[in-house]
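Look at the fold below.

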Amino acid sequence: MELLRYDHVDISYNGVPAIQDVSFTLEPGEILGIVGESGCGKSTLLKAAMGLLGDQGLVTRGDIWYKGLNLPDLPDKVRRTINGPELGMIFQNAGTSFCPIRTVGVQLYEALREHEAVSKAEFQDRALALLDKLGFSNGMRILQSYPFELSGGMQQRVGIAAAMLLQPSVLLADEPTSALDVSVQKQVLEEMLLVRKTFGTAIVLVSHNISLIGAMADRVLVLKGGKTIECGTVQQVLTSPQAAYTQALLAAVPRLRRG
């Protein structure tokens with residue numbers, strides 16, 4: 001059963017093609033990695049599903065199906081009922097998606113109230129239970145903190161928690177570790193794997209880091225210049241790449257050598 005399907009999708013900005021004829025599917029509980037160099041259109045694919053292409057961006061051909069709904073055709077009112085409870089998103093720098101002058105708890109409560117009628121007490125119980133599942137040792141401190149009081153890594157982890165508060169079926173992760181140091185990257189990746197294990201969430205993970213994709217994903221799509229170069233299981237694509245571009249990406253991965 002497919003949760004998400006991109007069917008021959010073209011996307012343009014101000015009439016200039018950014019994505020051309022891209023197709024892929026996402027199954028429940030699956031992690032799909034999308035890899036490619038900067039500017040190849042990886043983030044654009046995720047933004048199209050969320051309706052975040054802006055005034056200049058447009059899906060000019062093809063369909064993006066989610067549970068029988070073609071997302072680009074949906075009116076804004078309907079899309080708002082899907083973004084959050086059905087499709088969650090982790091941004092590249094989660095800290096910038098929070099308001100700096102209001103506490104994390106206030107902002108998470110507002111987001112939840114947009115979709116469900118819950119009291120503050122109910123919200124607090126749910127939020128603390130979620131933070132506990134995701135490995136936060138002091139959830140109440142997180143809820144009472146302002147975003148600027150949290151480190152970059154902690155902000156990113158809270159961004160994952162915020163996306164999971166409504167328990168979406170699909171989590172779209174746009175370069176979630178690119179601004180973090182290696183040790184914090186490991187924490188964030190472990191948390192995303194825990195999300196899949198705990199909630200059965202399917203994840204689309206966008207990254208330019210092919211090693212990260214290899215460590216996390218079940219399948220991988222290689223993108224170059226807005227076009228699909230190769231798509232298959234991680235084992236197929238990363239151990240026996242057919243495309244010269246994929247081979248070049250793999251050859252560019254730094255390796256430690258013993259002298």
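## Helix α7 and its surroundings

The buried residues of α7 are Val184, Gln185, Val188, Leu189, Glu191, Met192 and Val195; buried means under 20% relative accessible area, exposed over 50%, and partly exposed in between, with a 1.4 Å probe and protein chains only. Seen down the axis of α7, these residues fall within an arc of 155°, so they line one face of the helix. The arc is that of the directions from the helix axis to the C-beta atoms. On the other side of α7, Val182, Ser183, Lys186 and Lys197 are exposed.

This is a predicted model, where local features need pLDDT of at least 70, side-chain atom pairs count only at pLDDT 80 or more, and totals for chains, interfaces and linings use all residues. Residues are numbered from 1 along each chain as its sequence is written, and side-chain values use heavy atoms, leaving out hydrogens and water.

Helices (H or I, at least four residues) and strands (E, at least two) are DSSP runs, numbered from the N terminus. Helix α7 covers residues 182–199, 18 residues in total, and reaches 26 Å from its first C-alpha to its last. That is close to the 26 Å expected at 1.5 Å a residue; the expected span is 1.5 Å times one less than the number of residues. Gly200 follows α7 and has a positive phi, near 70°.

What covers the buried residues of α7? The cover includes the elements in this table.

| Element | Residues |
|---|---|
| α6 | 152–164 |
| β7 | 170–174 |
| β8 | 202–207 |
| α8 | 210–216 |

## The open sheet

Four strands form an open sheet in the order β2-β1-β4-β5, with antiparallel pairing. Two strands pair if DSSP finds at least two bridges between them. β2 (16–26) and β5 (69–70) stand at the edges, each with a single partner strand, so one side of each is left without a neighbour in the sheet.

Eight bridges join β1 (residues 4–13) to β4 (residues 57–66). Tyr13 has Gly57 in β4 as its bridge partner. Arg5 stands opposite Trp65 in β4. Two bridges join β4 to β5. These two strands form a hairpin with two residues between them, and Lys67 in the turn has a positive phi of about 50°.

## A helix pair

Helices α3 (residues 104–113) and α4 (residues 120–133) pack at an angle of about 110°, with their axes 10 Å apart. Axes are lines fitted to C-alpha atoms, for helices over the stretch in contact (heavy atoms within 4.5 Å). Angles run from 0 to 180 degrees between N-to-C directions. α3 and α4 are therefore roughly perpendicular to each other; angles of 65 to 115 degrees count as such, under 35 as roughly parallel, over 145 as roughly antiparallel and the rest as oblique.
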